[in-house]
Amino acid sequence: MTSIKQPGEKNLMLFSGRAYPELAEEVAEHVGVSLTPTKLVDFANGEIYARYLESVRGCDAFVIQSHTSPINQWIMEQLIMVDALKRASAKRITVVMPFFGYARQDKKGRGREPITARLMADLFYTAGADRLMSIDLHTSQIQGFFDGPVDHLFAMPVLESYLKNKLDLATTTVVSPDTGRVRLSERWADTLGTPLAFIHKRRDLDVANQVKVNEVVGKVRGRTCVLIDDMIDTAGTICKAADALYEQGATNVIVAATHAVFSDPAVDRLKNSRISEVIVTNTLPLSQEARFDKLTVLSIAPLIARAITEVFTDGSVTSLFEGDT
């Protein structure tokens, strides 16, 4: 079965790009449909061709693509898939991007810089997307860049459920690795009922991009510390934060993050760090080379599937996180 029909010919169809078909297949299994057969090929010069092998006229289309490396190729492929759906008369097109590419550039920090998160939103809107769905955006303000509904999902329930079963919350502290993640960490601390701490980084003004001192603000001595972040890229910040916590008397440091970007040399840094466990979700594919003994990968597919079902049935996505109806 490649679609679900409701009275009035309402029809849900799922489509996957080539970046991470395993996640799309898992999502489809939880939704209860099969991925719609799609022809995706590259021309000799690198251009991408897309064609759907079934009629998509009048369907409620969900296009799943993880923005992984090579990120520009997979973003372009998803844009082309959206354009093909629009020109084939799909009724509504929802772009599902578990990891929102270029999200870190969401404002101008200095003159003559781009705001690529806004550019991404404009590209998908121009291509024909009616709705965006993503998990743990780098900043919530990105929702305002798209001229249409944005479903901002949170991996926190998935990660928290795992941690609650293995932590003694009475001796646990949630820690933000920098001031930019404090709000996210506050939400974790409130939900778990633990104290909150954060790392304040002082930089040497005489040496560019060089951290001189890490100050830990909060109760960490003799406690298990859970470092919270939205993504781990090169792992430099998270490993330095862990070292600072151990220096201040933490007995154990665990890292929980949504997106395992793991650009070099992240894997080596994490392997050789004092961090006892790194917990991530599978929003991005991980090769065997990127997996190591301290790594735990949790599936985000059930959450995405539930959100897709809520959107399709005109239900409440918010209810997945706040219990509202």
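Where is Pro70 found? Pro70 lies in the loop between β5 (60-64) and α2, where helices (H or I, at least four residues) and strands (E, at least two) are DSSP runs, numbered from the N terminus. The structure is a predicted model, in which local features need pLDDT of at least 70 and side-chain atom pairs count only at pLDDT 80 or more, whereas totals for chains, interfaces and linings use all residues. Residues are numbered from 1 along each chain as its sequence is written, and side-chain values use heavy atoms, with hydrogens and water left out.

Most residues other than glycine have a negative phi, and most peptide bonds are trans. A cis peptide bond, with omega of about -5°, joins Ser69 and Pro70. The bond from Asp264 to Pro265 is also cis, with omega near 5°, and Pro265 is placed in the loop between β13 (252-260) and α7 (266-271). The loop between β13 and α7 also holds Phe262, a residue other than glycine whose phi is positive, near 50°. Phe262 is buried, with a relative accessible area of 9%; buried means under 20% relative accessible area, exposed over 50%, and partly exposed in between (1.4 Å probe, protein chains only).

The loop between β6 (92-97) and α3 (116-127) contains Ile115, and Asp106 and Arg112 have their places in the loop between β6 and α3 as well. Arg112, although not a glycine, has a positive phi of about 70°, and is exposed, with a relative accessible area of 82%. Ile115 counts as partly exposed at 34% relative accessibility, while Asp106 counts as buried at 2%. Although Ile115 and Gln105 are ten residues apart in sequence, their C-alpha atoms are 5.5 Å apart in space. When residues up to four places away in sequence are not counted, Ile115 touches Gln105, Asp106, Lys107, Lys108 and Phe145, contact meaning heavy atoms within 4.5 Å. On that basis, the residues touched by Asp106 include Ile115, His138 and Phe145.

Two packed helices are described by the angle between their axes and the distance between the axes. Helix α2 (residues 71-87) packs with α3 at an angle of about 25°, their axes lying 8 Å apart; axes are lines fitted to C-alpha atoms, for helices over the stretch in contact, and angles run from 0 to 180 degrees between N-to-C directions. This makes α2 roughly parallel to α3, since angles under 35 degrees count as roughly parallel, over 145 as roughly antiparallel, 65 to 115 as roughly perpendicular and the rest as oblique. Among the contacting residues are Ile75, Leu79 and Val82 of α2 and Met120, Leu123 and Phe124 of α3. Helix α4 (residues 156-164) and α5 pack at about 45°, with their axes 12 Å apart, and are therefore oblique to each other. The contact involves residues including Leu159 and Leu163 of α4 and Trp188 and Leu192 of α5.

In helix α5 (residues 182-192), the residues Val182, Ser185, Trp188, Ala189 and Leu192 are buried. These cover an arc of only 115° around the axis, which puts them on the same side of α5, the arc being that of the directions from the helix axis to the C-beta atoms. Arg183 and Asp190, on the other side of α5, are exposed. Just after α5, Gly193 takes a positive phi of about 75°.
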